[in-house]
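Please look through the sequence and the model below before reading on.

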Amino acid sequence: MEPRFNLYANDVAAKFNKRLVTAARVIDESSLPKATQELVKIRSSQINGCGMCLDMHTKDAAHAGETPVRLAMIAAWRESTVFTDPERAALALTEEGTRLADTSTAISDDTWAQVRKHYDDDQIGALISLIATINAWNRLNVLAGMAGGSYTPGQW
């Protein structure tokens, strides 16, 4: 499948992507657990239907030691026993932050209370930034028609 638009060959899009990668380094260097970061990226990418990001983040998570069961259960995390309470809070915030237009309250008080219970301010800053960033990547890739399937862990 050929992309509709090559985000890496176009000067403007390539410059934007480079800046987005640079901005995301702050999240990578934060104390937000790496496993949680991958769960957030995968869940947002599932919701947004981003095959390229799903390909990348599921493979990176598996390469980092994430179990097949947990990877398979991300879409049904509410009906699963394999995620910790902090991970569940992050996944709830991810869903609500990705689906902002689906409710009049955006982020529920219950979700916010769970996030506050399990994460410190720096981790919350990283989590919010991560949700915003992965949603941006999802939209870039979906709009450009970038397909998943050929990613190799560590490629990017």
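## A106 and its loop

A106 is partly exposed, because its relative accessible area is 25% and the term covers values between buried, under 20% relative accessible area, and exposed, over 50% (1.4 Å probe, protein chains only). A106 lies in the loop between helix 5 and helix 6 (109-118), where helices (H or I, at least four residues) and strands (E, at least two) are DSSP runs, numbered from the N terminus. The phi angle of A106 is near 55 degrees, which is a positive value in a residue other than glycine.

This is a predicted model, in which local features need pLDDT of at least 70 and side-chain atom pairs count only at pLDDT 80 or more, while totals for chains, interfaces and linings use all residues. Residues are numbered from 1 along each chain as its sequence is written, and side-chain values use heavy atoms, with hydrogens and water left out.

## Helix 3 against helix 7

Two packed helices are described by the angle between their axes and the distance between the axes. Helix 3 (residues 51-63) and helix 7 (residues 121-144) pack at an angle of about 130 degrees, and their axes are 8 Å apart; axes here are lines fitted to C-alpha atoms, for helices over the stretch in contact, and angles run from 0 to 180 degrees between N-to-C directions. Helix 3 and helix 7 are therefore oblique to each other, given that angles under 35 degrees count as roughly parallel, over 145 as roughly antiparallel, 65 to 115 as roughly perpendicular and the rest as oblique.

On the helix 3 side M52, C53 and H57 take part, and they meet I134, W137, N138 and N141 in helix 7, contact meaning heavy atoms within 4.5 Å. By class, this contact of helix 3 with helix 7 has four nonpolar, three polar and no charged residues, where Ala, Val, Leu, Ile, Met, Phe, Trp, Tyr, Cys and Pro count as nonpolar, Asp, Glu, Lys and Arg as charged, and the others, Gly among them, as polar.

M52, placed in helix 3, counts as buried because its relative accessibility is 10%. Leaving aside neighbours within four places in sequence, M52 is in contact with Y8, N141, M146, A147, G148 and W156. M52 and W137 are 85 residues apart in sequence, and their C-alpha atoms are 9.5 Å apart in space.

K41 is found in helix 2 (residues 34-48) and is buried, with a relative accessible area of 13%. With neighbours within four places in sequence again set aside, K41 is in contact with D28, H57, L130 and I134.

## Two cysteines without a bond

The structure holds zero disulfides, a disulfide being a pair of cysteine sulfur atoms within 2.5 Å. The sulfur of C53 is 3.3 Å from the closest cysteine sulfur, in C50, and this is too far for a bond. Both residues count as buried, C50 at 1% relative accessibility and C53 at 2%.

## Nonpolar cores

A nonpolar core is a set of buried Ala, Val, Leu, Ile, Met, Phe, Trp, Tyr and Cys residues joined through side-chain atoms within 4.5 Å. The largest one has 13 residues, and those with the most contacts inside it are L32, V40, V115, Y119 and L127. Helix 5 (85-98) and helix 7 are the elements that give two or more residues to this core, and the largest share, five residues, comes from helix 7.

Not counting residues up to four places away in sequence, Y119 touches L32, T36, P86, E87, A89, A90, I124 and L127. A second, separate core of ten residues includes L20, C50, I134 and W137.
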